[in-house]
Each structure stands twice: as structure tokens, then as C-alpha cells.
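Keep the structure open while you read.

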Amino acid sequence: MSPRSARLAGPAEAAPVFAALGDETRLALMTRLGRGQPLSIAELAQGMPVTRQAVTKHLHVLSHAGLVRDFRRGRERMWQPEAQRLAEARRYLDAISKRWDEALARLKTLVED
Amino acid sequence: MSTDRIEKKVVLRAPRSRVWRALANAEELGAWFGAKLQGRFTPGARVQGPVTYPGYEHVTMDITVERVEPERLFSFRWHPDAVEPGVDYSGEPTTLVEFHLEEVAGGTQLTVIESGFDRIPLARRAKAFRDNEAGWAEQVKNIERHVSS
């Protein structure tokens, strides 16, 4: 029940995310999606030196790492970043985790006295 | 990458019976949790009491006991982070808090697992951090800096 904090997730948790981003094309895709509006594969592939199929593959890698998600708009599949939502969920868990640390420290003092 | 559970392990330099008492006795649990709890922890029991932690005195700690297996396992359900004044949390999903006790050299190993966070509405989870929200664009910049350095 202590005040909230908003630390970022630890390195171990962030590793799969960084691994997914350790690729020039995927990083470029994330940057495009990061401008805020959902994009179709055609829009994402525009001006990219790779095929649409390759873009689709890369999006699935990003999706697997929890960084993007897709949804249908009419006949098109649209993509948008998921990271902010995930980051929120992790920060929430982080703050609760910190509260547990504090409570357990108090328990330790209580039972070890 | 789990956003659903928290797991903590700690070795306490105290006998298992002592640790058990600090968990299964309402007043003792309240003492280190920061709440004034009274009542008996039996399966199905609902135990409530005011939080004593400074700044959170408006909050009621409210738990429903699940399992009581002496010196082995104690678990309850509650609404995590239920600290907003005037909000009725009763319709929202609960998380499960489990305390597992195990004898180890030099004391007792306590494992705390809180799970079920993914069922809590994301809006509720996000709300707690609205003020600290960094835009995704900013995060991408951070990641770019990280991977290009």
C-alpha cells in the first residue's frame, strides 16, 4: 500500500523486445507505426526496399514479441503498435511488485526479530 | 513477458511456524501489510479492515480467504490497487495471492505469487499511470538510441 512508482521493466523482460527490434526493416516498421495511425501492409511497404511478403513476415515477428497487433478494417488488415499498452501493463505490475517488496521487508523484520 | 503474474521468493530467518503465524493470523498479517485486520482466516471467510498506511487511510483492505493449509499454503483473493476513493471494485475480477512456505537451511522460504492481472481491465491498469505515460514515438526514439549505440 505504498505510493506508486513507474519504473521501466527490467532488462530480462525487455530482451525479447529488443531482439525483435534488432533488425533494420523491423525498426523502420516500428517507427512508421509509431506515428500513431494504423497502417495497412501496402502502406507500410511503400518506399521500403523489401517486398510486401517480407513486410508481412516482419510484422509477425513484431507481433510475436507483443509490439504490434492487427485488426480488420473493411477488407484490409491494419497494424498498430501494441507496446504502449504493454508498457502500461508492465508498469502497473512493476509498481505492485515494488509494493510486495516493501511488504515482504516488513514481514522479514517482524518474523526475524 | 508475463503481465499476468508476480512471483517473489524470500528466505526468512525464522521457523516455519513463526512465518505461518505472521500470515495466517489476521492481526499479524495486518501488521506487516499495513491494515487493521480482525477475524479468523478460514476458507471462504471475508476479512476486511482499514488500511493504516499513511496516505491510504481511506482504503479498506478486503480479502476473501481461499486455502488454508497450515505451514504450507495460505491464499486469498482481493482487488489489487483498489485505492481510488468512491470506486466500487466489486464487479471487477480479483487477483489470487498465494503464500507458499518451505523449510530451507537457515529458515523458511516464502514464495508469494499474485496472479490474474490480465483479467483486470487494461483501462484500470493504465489509469494508475496516466500521468507518467510517455508517447510511443518517444519510446521508439529510446529504443532506436539503445539499439544503435
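## Sheets, helices and cores

Let's start with chain A, where three antiparallel strands form an open sheet in the order 1-3-2 (strands pair if DSSP finds at least two bridges between them). Strand 1 (39-40) and strand 2 (68-73) of chain A each have a single partner strand, so one side of each is left without a neighbour in the sheet.

A quick word on the model: it's predicted, so local features need pLDDT of at least 70 and side-chain atom pairs count only at pLDDT 80 or more, while totals for chains, interfaces and linings use all residues. Residues are numbered from 1 along each chain as its sequence is written, and chains are lettered from A and ligands numbered from 1 in the order in which they are written.

Two bridges tie strand 1 of chain A to strand 3 (residues 76-81) of chain A, and Ser40(A) sits opposite Met78(A).

| Helix of chain A | Lies across (chain A) | Angle |
|---|---|---|
| Helix 2 (residues 24-33) | strand 1, strand 2 and strand 3 | about 90° to strand 3 |
| Helix 4 (residues 52-64) | strand 2 and strand 3 | about 120° to strand 2 |

Over in chain B, there's an open sheet of six strands, ordered 1-6-5-4-3-2 with antiparallel pairing. Its edge strands are strand 1 (5-12) and strand 2 (46-50) of chain B.

How do helix 1 and helix 2 of chain B cross? Their axes come within 5 Å and cross at roughly 85°. That makes the two helices of chain B roughly perpendicular, a label for angles of 65 to 115 degrees.

Finally, the largest nonpolar core has 23 residues, and Val111(A) and Met61(B) are among those with the most contacts inside it. Such a core is a set of buried Ala, Val, Leu, Ile, Met, Phe, Trp, Tyr and Cys residues joined through C-beta atoms within 7 Å; buried means 20 or more other C-beta atoms within 10 Å of a residue's own, with C-beta atoms placed from the backbone. Helix 5 (83-112) of chain A contributes two or more residues, as do several elements of chain B, including helix 1 (16-24). Helix 1 of chain B gives the most, with four residues.

How values were computed: Buried ≥ 20, exposed ≤ 12 C-beta atoms within 10 Å, placed from the backbone. Axes fitted to C-alpha atoms, helices over the stretch in contact; angles between N-to-C directions. Parallel < 35°, antiparallel > 145°, perpendicular 65-115°, else oblique. Contact = placed C-beta atoms within 7 Å.
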